[in-house]
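Here's a walk through a protein model for someone meeting it for the first time. Have a look at the sequence and the 3D view, then follow along.

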Amino acid sequence: MSSDQCPPFDFSSRYYHAQAGVGCVRQSSFFEGKAVLNQGVGYSVILGFGAFFAIFTSFLVWLEKRYVGSHHTSEWFNTAGRNVKTGLIASVIVSQWTWTATILQSSNVAWQYGISGPFWYASGATIQVLLFGVMAIEIKRKAPCAHTVCEIVKARWGKAAHIVFLVFCLLTNIIVTAMLLLGGSAVVNALTGVNIYAASFLIPLGVIVYTLAGGLKATFLASYIHSVVVHVALVIFVYLVYTASDKLGSPSIVHNRLQEIASKLRSCHEPISHNGQSCGPINGNYKGSYLTMLSSGGIVFGIINIVGNFGTVFVDNGYWVSAIAARPSSTHKGYLLGGLLWFAVPFSLATSLGLGALALDLPLTEDEASHGLVPAATAIALMGKGGSILLLTMLFMAVTSAGSSELIAVSSLCTYDIYRTYINPDASGKKILSVSRAVVLGFGCFMGLFAVILNKAGVSLGWMYLAMGVFIGSAVLPIAFMLLWSKANALGAILGTIFGCVLGIVTWLSVTSIEYGRVNLDTTGRNAPMLAGNVVSILTGGAIHGVCSLLWPQNYNWDTTKQITTVEKVDHSDLETEEFKEEKLTKARSWIVKWGAGFTIIIVILWPLFSLPAGEFNVGYFTFWAVIAIAWGTIGSAVIIALPLIESWETIVKVCSGLFTNDRLMEKVDEMNVKLNSIMLAMPEAEKAYFLEKEKAKVK
């Protein structure tokens, strides 16, 4: 390749032009401030999809109430009846963990570091869900009637610790929701021209409506539908890049293009390439190649990713709410399956769209990438307007599904840990339900306003994603110790969480100042300060708590956490009493420890170690890597779509038969159910006899 060749590559000729007296000039950015779609499309997606899901999920919740007999109490609103099955829990985990960052930031790190970026994004954020399965089963053993993580904190460690962890949990929800809206509004603005501030405020509206109507169960039902849409789009993009596109279409073409664009012979001076655009060898990568796991930047990102995401799983009340909602026999399986299925979303998607942006030599800038526009650019380059609409739809699904779980998480915290604990301890179920809905509405509006402020301040999705562990990482180990270690005491939890956070922030800003001489959004967002702040925060929090607990052990037996009560009687008529037996829960705990730890070792240690000897991947090795991404994405999509339907088939049949049954007959059946339920409430022996007969019938 000659240094004055214009364009440098025939496949990217549309992004270069020859200018008299200057030479070969590369397009200064991919989007150039122009929207691909008109604003009408943007508003249609935001408001149209929002209205559709608000109506559709509310209708599904009504069907369940009408024909299955769900009682819409405050307990049901916040815990979905505590009997959600494995497939739906796995679907909810995938949906809840598929943020805008999962779709956008994963492709950004692929664009920055090559193949190591998608791998470290996926593995570094999967292990937390796998390991949280242990916490999920411990909730069933030690706090079966809890509504939130902070309720458990108060029962074990008292008021002071409760307030500290309440602040950190709410901060986590605010950070996660901010990332959803920052990424979503940036892409909607880039693709359609919709005002970024208007997008920030309008995106949460539809979510607020269906969450208000149906609570956690509506969130779960919507999450399943969102997961289906996300996975269908995922499969389309993966197959497009590696099999169907006439611009790429095979792993060998992608491999050869990645070698060409990172060649040492390539000219990268102005104006043939501009500052912040991908061009030539990558600093910190083996041989400057995108085709290697030997990437210092990728490994640093991986560490930051692991630390930060421990915070956004263990300190996010949304994951505790999902665990509380699961039936005991589904909890551990749902989290393990959900984690493994979620791995495919960032890994398969970024291995296709992220590397695709590089292989097409798109003139993306560092600023565009940090705002999450890499996958959008690739989708447009391969599919035109159709690609942008598909990605926009996929993104909206991610924003709304994860956003609804955050709304319920904040609602349950404010309702049970603030209102019921400090304002009105004797609140009725009806009052709690109204407070829950008020919080959903209030927090949704607050986050729309907060996202506008962050956009105005210039905060990007990439910056927020890297910084989250600095702020909340210190609470991870104390929260884990709460259910796993009898010696863990309140003083250590409080000191570790607060001082870990403070020291993390001080370290982060100090390293920024020492390394770069100035502290601003740009310098604080770089890898070295972020790595230092994240690691100090999580390790200091755990170390302080550990030392204090060894010096003054609590020797706790979880009696007070088991005494947490529900506001209204929970109907366990669909649950087998066997599921609540200690021996079954202990067996489930051993199962999730074995498999969760096993898969963690495989995807964080063994997989990268086995890929290091390959150095720079040859065509055969990269093809094998791409096939894994394609297969994982395809199989994962099939499971996430089919399993919840299979498990809920009985309910689906019941609803369908109810739709075609005489309404007068259904009213009589409902009346009879109410009478029988009243008898069982008044006579506990009748309820026990019912469960016994049901158990005998199942054995037969």
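We'll go from the overall picture to a few individual spots.

First, some ground rules: this is a predicted model, so local features are taken only at pLDDT of at least 70 and side-chain atom pairs only at pLDDT 80 or more, while totals for chains, interfaces and linings use all residues. Residues are numbered from 1 along each chain as its sequence is written, and side-chain values use heavy atoms, with hydrogens and water left out.

Let's start with the whole thing. The protein has 27 helices and two strands; helices (H or I, at least four residues) and strands (E, at least two) are DSSP runs, numbered from the N terminus. Of its 700 residues, 58% count as buried. Here, buried is under 20% relative accessible area, exposed is over 50%, and partly exposed is in between (1.4 Å probe, protein chains only). Among contacts (heavy atoms within 4.5 Å) with a separation of 6 or more, 84% are between residues 24 or more positions apart.

How confident is the predictor? The pLDDT, its confidence in each residue from 0 to 100, averages 84, and 88% of the residues score at least 70. Confidence is highest in helix 19 (residues 490-516), with a mean of 95, and lowest in helix 2 (residues 74-79), with a mean of 43. Over residues 71-82 the pLDDT is below 50, though this stretch still has 64 contacts in the model beyond near neighbours in sequence. Where pLDDT is low, the predicted coordinates should not be read in detail.

Now zoom in on Glu368, which sits in helix 13 (residues 366-370). Still, a polar atom of the Glu368 side chain lies 3.0 Å from the backbone nitrogen of Phe31. Leaving out residues up to four places away in sequence, Glu368 touches Ser29, Phe30, Phe31, Glu32, Pro363 and Leu373.

Move along to helix 14 (residues 374-383), where nine of the 10 residues are buried. The buried ones include Val374, Ile380 and Leu382. Just after this helix, Gly384 takes a positive phi of about 70°.

Most residues other than glycine have a negative phi, and most peptide bonds are trans. The loop between helix 9 (251-261) and helix 10 (296-314) holds Pro271, and the peptide bond from Glu270 to Pro271 is cis, with omega near 0°. Leu265 is found in the loop between helix 9 and helix 10 too, and is exposed, at 62% relative accessible area.

Asn555 lies in the loop between helix 21 (527-551) and helix 22 (559-562), and has a positive phi of about 50° without being a glycine. Trp558, in the loop between helix 21 and helix 22, has a positive phi of about 65°. Are they buried or exposed? Asn555 counts as exposed because its relative accessibility is 54%, whereas Trp558, at 10%, counts as buried.

Technical notes:
A polar contact is a pair of N or O atoms within 3.5 Å; within protein, one must be able to donate a hydrogen and the other to accept it, and residues adjacent in sequence count only if both atoms are side-chain atoms. pLDDT is the predictor's confidence in each residue, from 0 to 100.
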